[in-house]
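Hi,

Here is the structure I promised to pass on.

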Amino acid sequence: VRIFAKYLKDAGYVQKKNFKLFTENGAVEVTFLNEDGSRLRVSMGKLSFWSDDIPVTGERREVINEDMVFGRTLYPVTCVTIGNPHCVIPMREISKPLVCKIGDYAEMARYFPNRVNTQIMKVMDKENLAIEIFERGAGYTLASGTGACAAAGVAYKLGMTNSKVVVHMPGGELQVEVEDDWTVYMTGDVFYVAKITLSNEFEERLRSV
């Protein structure tokens, strides 16, 4: 969302400080926090811990600190949705190999009929946490906006952090704020990397797919 919003500003489609993007999961409010639009605050929607929203199998309940087995190992899992499903596991130490090991089992586990994204989370203090991410259908991921919001919401729900935290990921960091009604706001930077021109042949191939 932040990258697309920055593109809209740079391309001249949007010049206002605030505007809305309409997605499959509803309207997203975007606020540019500086003149060139490289720092943005985005409303990411509301978190839900309810099993039928995520979804998670079994009777309707908030899926908080439940024991689940992934690859013959028992983990304390909290599940949440912010338009896509996440399972978050607090741990003392986290790593890429560990999240890949857990995520490979969790993605296809019987608990999750629509599969699930997996975050392992280390709480550093009340205002900082670190996560490693394994996305359904994609595998290991360096950073994720919804993943950061899900982890921040879980940490706050469990009383491990304040409502406003910085989420540290291998691909960067995001500031996440959780409101009393579980609406989540994400603040982060967008950096210019390159400008790419696609050939007409590329566009023609896309149309034929």
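In which sense do E11 and E12 pair, and over how many bridges? Keep in mind that this is a predicted model. The two strands run antiparallel to each other, with four bridges between them. If you want a spot to start from, Gln175 sits opposite Thr187 of E12. E11 and E12 make a hairpin with four residues between the strands, and in that hairpin Trp182 has a positive phi near 70 degrees.

E11 (residues 172–178) also pairs with E10 (residues 164–169), again in the antiparallel sense, this time over six bridges. That pair is a hairpin as well, with two residues between the strands. Met169 faces Gly172 of E11 there.

Now over to the N-terminal end. In H1 (residues 2–10), the buried residues are Arg2, Ala5, Lys6, Leu8 and Lys9. Looking down the axis of H1, they fall within an arc of 160 degrees, so they line one face of the helix. What do they pack against? The partners are E1 (18–23), E2 (26–32), E3 (39–46), and also E11 and E12. Just after H1, Gly12 adopts a positive phi of about 90 degrees.

One last thing, on the surface: Ile196, Leu198, Phe202 and Leu206 make up a nonpolar patch, with about 430 Å² of accessible area together. Ile196 is in the loop that links E12 (183–189) to H4 (200–208). Why does Ile196 count as exposed? Its relative accessibility is 68%, and exposed means over 50%.

Cheers

Methods: Residues are numbered from 1 along each chain as its sequence is written. This is a predicted model: local features need pLDDT of at least 70, side-chain atom pairs count only at pLDDT 80 or more; totals for chains, interfaces and linings use all residues. Side-chain values use heavy atoms; hydrogens and water are left out. Patches are made of residues with over 30% relative accessible area and no salt bridge: like charges are joined within 9 Å, nonpolar side chains (Val, Leu, Ile, Met, Phe, Trp, Tyr) within 5 Å. Accessible areas come from the Shrake-Rupley method with a 1.4 Å probe; for residues, only the protein chains shown count as cover. A salt bridge is a side-chain nitrogen of Lys or Arg within 4 Å of a carboxyl oxygen of Asp or Glu. Buried means under 20% relative accessible area, exposed over 50%, partly exposed in between (1.4 Å probe, protein chains only). Two strands pair if DSSP finds at least two bridges between them. The arc is that of the directions from the helix axis to the C-beta atoms. Contact means heavy atoms within 4.5 Å.
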